[in-house]
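Hello,

Here is the structure I promised to pass on. Please open it first, then read my notes below.

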Amino acid sequence: MTDSATGRIAVITGAGSGVGRASALGLLRHGWTVVLNGRRMERLEETQSMAGDDAARTLAVAADVSTADGVASLFAQVRETYGRLDMLFNNAGGGAPPVLLEDLTLEQWQRVVDLNLTGAFLCTQEAFRIMKDQDPRGGRIINNGSISADRPRPNSSPYTATKHALTGLTKSIALDGRKYDIAGGQIDIGNALTEMTGGMGRGVPQPSGERMAEPTFDVEHVADAIVYMANLPLDANVPFITVMATKMPLYGRG
C-alpha cells in the first residue's frame, strides 16, 4: 500500500470482469478507494470478494453508463458517498456481432456508439464537474482505447470507429482539462487474456480471410500500467500507452 494513494477515489466502469476488474484490484492493492461500476451487481460483488480485506474500500454501483440516467446515477452516488473524485477509468465497452459492414443494423451500430463513446463522454463530463470544484482541485481521466484505436480488425466497424473517436476525446480531455488540473490519458491494449479474448488461441479472423491463433498476455500487466498512470502526480501525464502481446500481428495489419 502506498501512502500517496490513501484516501484517493477512483471510478472504474466495466469493473465486473477483465481489464476493469484487474485494474480495480490493482488500485486497491495500492491503497485506492474504488467505485466499481457495471451493469450486473453480481459481477461487481465477485470483484469485491476477490479484493479480500481491501473490499472495505469499494463501492459497487450497478448502472448502465450507455445511458444518461445511468451515468447520472453513478456519479450522484460518488458525490454522496465520497464528495470527490481523483481518477476515472472509462473502461466499459463492447462490440457488435462480426457481420459484414453492409449487413450491420443501425441498432447494432448505435448500441456500440452509446456504450463505447457516448458513455465515456458522459462519464467524463461528470468527472470534470467534480474534479474542477474539489479541493485539492483536479484529477486524472484514463480511456481504454484498445489497439483498435489505431487499426481495425475485419468486420469491426462500430468498435473501430468508436475506439478511434476515443483518441480524439482523450486529446480533448488533456487540452480542456489543463485549466482545472485534470490530466487525460489513454491505454491501448492488445490481446490481454480476459473472458473477451479467451478464444484467440483457437484462431481469430485475419485480413487475409484466414483464421489464425494469436498470442495473449496476462491482464495483470494492464493493471500495472493503470496503477502507474493513476499514481503519477498531476504535473506528469502519460497521454498514450500501448500494452500488447509481443508476438501479436498488430504490425503488418492495416
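A nonpolar core is a set of buried Ala, Val, Leu, Ile, Met, Phe, Trp, Tyr and Cys residues joined through side-chain atoms within 4.5 Å. Buried means under 20% relative accessible area, with a 1.4 Å probe and protein chains only.

This is a predicted model: local features need pLDDT of at least 70, side-chain atom pairs count only at pLDDT 80 or more, and totals for chains, interfaces and linings use all residues. Residues are numbered from 1 along each chain as its sequence is written, and side-chain values use heavy atoms, leaving out hydrogens and water.

The cores come first. The largest nonpolar core has 37 residues. L27, V34, M87, F89, I187 and V222 touch the most other members. Helix and strand names follow DSSP runs (helices H or I, at least four residues; strands E, at least two), numbered from the N terminus. α6 gives the most to this core, seven residues. A second, separate core of 28 residues includes L59, A63, V65 and F75.

A cavity is a set of points on a 1 Å grid over the protein atoms alone, where a 1.4 Å probe fits but cannot get out. Points are joined across faces, edges and corners, and a volume is the space filled by probe spheres set on them. How many cavities of 30 Å³ or more does the structure hold? There is one. The largest cavity has about 60 Å³ of space. Its lining residues (an atom within 4 Å of a point) include T13, V65, N90 and K163. α4 gives the most to this lining, with five residues.

Best wishes

Terms used. Buried < 20%, exposed > 50% of the residue type's maximum accessible area, 1.4 Å probe, protein only. 1 Å grid on protein atoms, 1.4 Å probe; cavity = no way out; pocket = protein on both sides within 12 Å on 5 of 7 lines; lining within 4 Å.
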